[in-house]
Amino acid sequence: YLLHGAGGDHSGWVARTEVAKLSDKYNMIVFCPDGGRTSWYFDSPIDPSYQYETHVARECVSFVDKNYRSQSNRESRAICGLSMGGHGAIFLAIRHKETFSIALVLSGGVDIRPFPKHWEIKKRLGGINTHRDNWEKYTVINQAKKLKDGDLVISIDCGTEDFFLKVNRELHEQLLSDGITHEYVEHPGAHNWEYWQKAIKRQMPLADKYFKGIGR
């Protein structure tokens, strides 16, 4: 399950990267849901028309298992995304551990609280001053406090020139402090498709390794 970023749509990954070739190489089904331009992949507590957690984690998974020759178990499902989709990937994996076993985070917006005026997040959660509880509840870095070691395979990949680098480092340090096994890498690069093209080539082999039981 491969999630796009804010302002994008389901076609971005196929149009801008070699993910189709990688799908063939690793014999994987790659499903790209449309997460809306600014959904952040959660069920909005203030806007009933934005219920993207339910859409991706339940409706899309059900659709794939009914229509494709998928392996319908958590050990055979990974969720990955870039930027807003990186937030969505680990957010959904934490909240749906019965569905996903692997979360791959590329340049993820893993703490939304420093960005109260960006990407229409306030339209999904309310303003940070009036709806602070929503911002605390729906940010990944707080959701991650629910994790126990071994709950998920987690890999975080972020560019050294990325504006989300600080929050990715903070999540990495929190996971280390909490004893949560994960992989964390930084590579030269910014918040752009050039970086994500390289990142997906790094991360799909990791998912393949775990699908085959090599890394467990």
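Trainee: Hi! Which side chain does Glu-53 make a polar contact with through its own side chain?

Mentor: Hi! The partner is the side chain of Arg-95, at 3.0 Å. A polar contact here is a pair of N or O atoms within 3.5 Å; within protein, one must be able to donate a hydrogen and the other to accept it, and residues adjacent in sequence count only if both atoms are side-chain atoms. Before we go on, please keep in mind that this is a predicted model, where local features need pLDDT of at least 70 and side-chain atom pairs count only at pLDDT 80 or more, while totals for chains, interfaces and linings use all residues. Residues are numbered from 1 along each chain as its sequence is written, and side-chain values use heavy atoms, with hydrogens and water left out.

Trainee: Thanks! Is Glu-53 buried or exposed?

Mentor: Glu-53 has a relative accessible area of 7%, so it counts as buried. The cut-offs are under 20% relative accessible area for buried and over 50% for exposed, with partly exposed in between, using a 1.4 Å probe and protein chains only. Glu-53 sits in helix H3. Helices (H or I, at least four residues) and strands (E, at least two) are DSSP runs, numbered from the N terminus.

Trainee: And what does Glu-53 touch?

Mentor: Leaving out residues up to four places away in sequence, Glu-53 touches Tyr-41, Phe-42, Asp-43, Arg-58, Phe-91, Leu-92, Arg-95 and His-96. Contact means heavy atoms within 4.5 Å.

Trainee: Let's look at H4. How many of its residues are buried?

Mentor: In H4, 11 of the 12 residues are buried. Phe-91 and Leu-92 are among them. The helix covers residues 84-95, and its end C-alpha atoms are 16 Å apart, which agrees with the 16 Å that 12 residues should span at 1.5 Å a residue. That expected span is 1.5 Å times one less than the number of residues.

Trainee: Which backbone oxygen does the side chain of His-87 reach at 3.4 Å?

Mentor: That one belongs to Trp-40. The backbone oxygen of Tyr-138 also lies 3.2 Å from a polar atom of the His-87 side chain. Not counting residues up to four places away in sequence, His-87 touches residues including Gly-108, Gly-109, Ile-112 and Thr-139.

Trainee: Changing topic: in what order do the strands of the open sheet run?

Mentor: The order is E1-E2-E3-E4-E5, five strands with parallel pairing. E1 (2-3) and E5 (183-187) stand at the edges with a single partner strand each, so one side of each has no neighbour in the sheet. Two strands pair if DSSP finds at least two bridges between them.

Trainee: How many bridges join E3 and E4?

Mentor: E3 (residues 102-106) and E4 (residues 153-159) pair over five bridges. Leu-104 stands opposite Ser-155, and Ala-103 has Ile-154 as its bridge partner. E4 also pairs with E5 in the parallel sense over five bridges, with Gly-159 opposite His-187.

Trainee: How many residues of E4 are buried?

Mentor: Seven of the seven, so E4 is largely enclosed by the rest of the structure. Both faces are covered, with Val-153, Ser-155, Asp-157 and Gly-159 on one side and Ile-154, Ile-156 and Cys-158 on the other.

Trainee: What about the loop between H4 and E3: which residue lies there?

Mentor: Ser-101 is one of its residues. With a relative accessible area of 1%, Ser-101 is buried. A polar atom of the Ser-101 side chain lies 2.8 Å from the backbone oxygen of Arg-74.

Trainee: Last one: what volume does the largest pocket have?

Mentor: The volume is about 610 Å³. On a 1 Å grid over the protein atoms alone, probed at 1.4 Å, a pocket is an open set of points with protein on both sides within 12 Å along at least five of seven lines, and lining residues have an atom within 4 Å of a point. Grid points are joined across faces, edges and corners, and a volume is the space filled by probe spheres set on the points. The largest pocket is lined by 28 residues, with Asn-27, Met-28, Ile-29, Ser-76 and Phe-211 nearest its centre.

Trainee: Which helix gives the most to the lining of the largest pocket?

Mentor: H9 does, with five residues.
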